[in-house]
Amino acid sequence: MIGIGNTLSGSRRVERRRSVQQVGVFAIIAAFPLAARGQETAAYFKQNCYSCHTIGGGRLVGPDLKDVTSRKDRDWIVRFILNPQAMIDRGDPYATRILGEARGVVMPPVAGLSRDRANQILDMIEAESAFEKSQFEGVKFSDRPFTAADVDRGHALFTGRAKFKNSGPPCMSCHTVRGLTLLGGGRLGVDLTKVSERIGGRKPLSAWLVSPATVTMQPVFAKHPLEAEEILPLVAYFEHSAKQAGDDDSVAPLTFFLVGLAGMVLMLGLFDVVWKNRFRGVRRPLVAGGEMRTSV
Amino acid sequence: MNVRSQVSMVFHLDKCIGCHTCSIACKNIWTDRKGTDYMWWNNVETKPGTGFPTQWEDQDKYKGGWEKKNGSINLKSTDKKRIALNIFHNPHMPSMDDYYEPWTYDYQNLFTAKEGPDQPTAVPISKVTGEQINVESGPNWDDDLGGSPIYAANDPNLDGLSEDQKAQLQAIERLVFFYFPRICNHCLNPACVASCPSGALYKRGEDGIVLIDQKKCRAWRSCVSACPYKKTYFNWFTGKSEKCILCFPRVETGQAPACFHSCVGRIRYLGVLLYDADRIEEVCNLPDEELIEGHRSLILDPNDPEVIKAAKRNGIPDAVVDSAQQSPIYKFVIDWRIALPPHIEYRTMPMLYYVPPMSPVMSVRNEDTIEHVSDNLFHDIDEARIPMKFLANLFGGGHEAKVVYALRKQKAIRWYRRALTVGDVTMETAKQMLNEADCTVDEAEAIYRLTSLCTFEERFVIPPSHREEAIEMSQDPHERRQSTGFGFLAGPRRGL
């Protein structure tokens with residue numbers, strides 16, 4: 001960031017010079033970082049925003065951002081994207097409204113976001129909104145109906161029986177889906193049983209999986225992104241699991257507890273057998289035996 | 001021949017009065033720190049009795065010492081395979097209850113108690129929980145046969161005695177006991193050293209004192225279960241194991257260890273023995289009945305020129321060889337053969353020897369007179385109130401011959417001195433007894449002198465420790481001399 005700032009102020013100073021030759025030479029040099037900045041902002045948007053937002057492609061989890069700057073003033077938007085939760089907590093009416101539209105999914109805080117960066121993004125959104133067809137219109141996914149084979153493959157990918165092509169970790173290491181196995185999957189991430197309903201269906205979920213934007217998942221999947229042919233079966237599996245689970249919303253930790261309890265009893269029993277010749281104390285049994293003998 | 005020197009000890013049980021002064025001296029110097037409440041590096045047990053910790057001699061339960069298996073000796077408590085299985089749990093650890101729950105008294109209550117119909121008392125308070133406890137056990141709970149139907153009757157050394165003999169031991173007016181003071185035996189084949197997974201235990205090269213490196217100890221407590229004499233203890237506060245250090249700071253400065261120094265009955269002797277380290281393994285593998293003789297054969301004659309030459313070759317200072325030549329231990333163990341190792345069958349080759357105790361004098365009632373003399377001069381050994389098998393289990397590895405030999409010699413010397421000073425026994429009888437007990441007049445005089453009239457210097461022949469030479473192995477002695485004493489326990493050092 002500092003580097004870019006320096007180049008910018010440098011280029012402005014240079015432009016003031018009237019030497020035609022110099023202007024020509026330096027304009028090329030100066031334009032380079034400007035172009036680089038634009039590319040960088042686009043990449044940042046793709047990485048952090050694109051999984052929930054499109055520009056002119058319709059709503060995903062979050063709203064379509066086409067002409068967002070005309071819907072609400074810039075200052076409000078910047079404040080919101082810097083700390084969405086704070087705005088909601090404060091009871092801002094507009095923030096509450098868009099939270100409702102997103103079915104209660106709060107926009108996660110974005111890594112590496114600053115006021116400058118937010119303004120650059122908004123600049124870019126303004127520019128892209130002007131086009132009839134933005135480059136951020138949304139990823140195109142096949143909308144063929146899911147088959148049972150898709151669900152099976154999704155299940156395999158989720159549990160790790162089938163590996164992701166870019167060697168991302170299987171979902172199950174952090175997430176669980178009801179009815180997965182006896183003990184379920186990981187509890188580190190959220191329960192994904194109803195994720196397709198929560199995020200709003202096939203399209204937003206697919207977009208979300210292109211580059212998962214949460215603080216925990218982003219660093220993991222930035223280097224190991226999912227492929228389109230992997231996203232489809234996963235979404236199929238999530239839709240299937242949401243249907244399977246029905247209306248029951250409760251997680252069932254009782255199974256986990258009971259399996260744990262049974263395991264513990266089994267292990268303790270095993271320990272008792274393995275160490276059956278262990279030292280169990282001498283004095284107390286001796287005294288107890290002695291007292292019995294003297295009282296007889 | 002690989003000559004080493006060993007500071008060794010003899011406890012003359014016939015002189016022990018069971019006053020526990022040794023235990024208190026040791027406690028006050030070494031184990032009054034936090035976490036050491038229950039430790040008694042020196043303790044005095046009543047025999048018959050179960051000792052401390054309770055029934056420590058029962059190795060079927062405690063798994064201490066070595067056992068002979070498949071032609072070689074193995075630790076009873078652990079081996080390479082078992083240590084992996086038991087890495088988080090040592091299954092042969094005595095519990096606090098087998099020692100005792102340390103306690104103090106609520107002395108404040110004596111001052112602050114409300115006025116009542118009776119005197120206030122200082123109630124016992126557990127040093128573990130801080131709450132009032134009903135004291136159930138202590139370090140010498142069965143002292144002087146206290147609780148004998150429980151404790152004395154369950155002495156592991158009673159194994160092999162007939163029911164009749166056991167009943168006799170308990171009979172009113174025939175009760176008999178002796179004291180058995182114990183410290184670390186500083187063994188030649190220490191099970192504690194062998195068992196330590198961290199290599200924290202070692203036997204000092206220059207004097208054979210067995211120590212635990214407090215910086216290396218990792219609280220595995222393998223030594224606690226491996227030591228058959230239960231003389232290593234775990235300090236719960238420092239998380240390190242501790243044991244008798246034979247007061248090495250005192251020994252190094254020419255003083256006897258505290259328990260030796262304070263001994264009221266003057267039962268303790270200390271001196272250097274030279275031994276052949278190459279033969280330890282061979283001797284440890286001997287059958288039970290040959291162990292005592294084998295153990296003795298390890299000890300080398302300090303006057304033998306070959307031994308002196310080999311000692312020099314091994315870097316043993318001349319002054320230590322001189323000291324070995326004066327050693328009272330050599331006399332008791334080798335010359336006179338009346339001092340015996342405790343429980344040699346544990347095969348740790350203990351270097352603390354005991355002169356077995358005489359039983360009370362036996363008398364025969366003839367009408368109105370009480371006779372102490374019978375045709376069988378040694379009748380009160382053969383018919384002693386303490387069955388010979390019991391002493392043999394303790395000091396003879398289960399075999400009576402060596403114990404009988406030591407007791408007969410002592411008895412013969414008593415009668416020889418009696419012929420000299422009292423005169424109710426003829427010198428002829430006395431000499432006949434000496435003869436039968438394999439003792440000459442000179443030897444009898446020497447034993448009598450070292451037993452009864454021994455001076456401080458005769459009891460404790462402490463070798464110069466030549467610390468400067470021991471230091472040489474790791475540090476320049478001049479530099480050490482100049483830098484020692486500044487700083488705390490470890491000298492100041494650059495870095496963290």
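## A strand pair in chain B

Strand E2 (residues 43-47) of chain B runs antiparallel to E7(B), and 5 bridges join the two. One place to look is Thr46(B), which stands opposite Tyr179(B) in E7(B). As you explore, keep in mind that this is a predicted model.

How many of the 5 residues of strand E7 (residues 178-182) of chain B are buried? The count is 4, so strand E7 of chain B is largely enclosed by the rest of the structure.

Let us move on to helix H18 (residues 427-436) of chain B, whose buried residues are Ala430(B), Met433(B) and Leu434(B). Seen down the axis of H18(B), these buried residues fall within an arc of 100°, so they line one face of the helix.

What covers the buried residues of H18(B)? The cover includes helix H17 (401-421) and helix H19 (441-452) of chain B. On the face of H18(B) turned away from its buried side, you will find the exposed residues Glu428(B) and Asn435(B). After H18(B) comes Asp438(B), which has a positive phi, near 60°.

## An exposed loop residue

Now find Glu136(B), which sits in the loop between strand E6 (124-126) and helix H5 (163-170) of chain B. Is Glu136(B) buried or exposed? Glu136(B) has 12 other C-beta atoms within 10 Å, and 12 or fewer is the cut-off for exposed, so this residue counts as exposed.

For a sense of distance, compare Glu136(B) with Trp415(B): the two are 279 residues apart along the chain, and their C-alpha atoms are separated by 45 Å.

## Chain A, helix after helix

Chain A has 14 helices and 0 strands. Its pattern, read along the sequence, is α-α-α-α-α-α-α-α-α-α-α-α-α-α.

Chain A has 296 residues, and 23% of them count as buried. Among the contacts in chain A with a separation of 6 or more, 65% are between residues 24 or more positions apart.

## Where the chains touch

Finally, here is how the two chains come into contact. Chain B brings 15 residues to the contact and chain A brings 12 residues. On the side of chain B that touches chain A, the residues divide into 6 nonpolar, 6 polar and 3 charged.

Technical notes. Residues numbered from 1 in each chain as written. Chains lettered and ligands numbered in written order. Predicted model: local features only at pLDDT ≥ 70, side-chain atom pairs only at ≥ 80, totals over all residues. Buried ≥ 20, exposed ≤ 12 C-beta atoms within 10 Å, placed from the backbone. Contact = placed C-beta atoms within 7 Å. Pairing = 2+ DSSP bridges. Nonpolar A, V, L, I, M, F, W, Y, C, P; charged D, E, K, R; others polar. Arc of directions from axis to C-beta.
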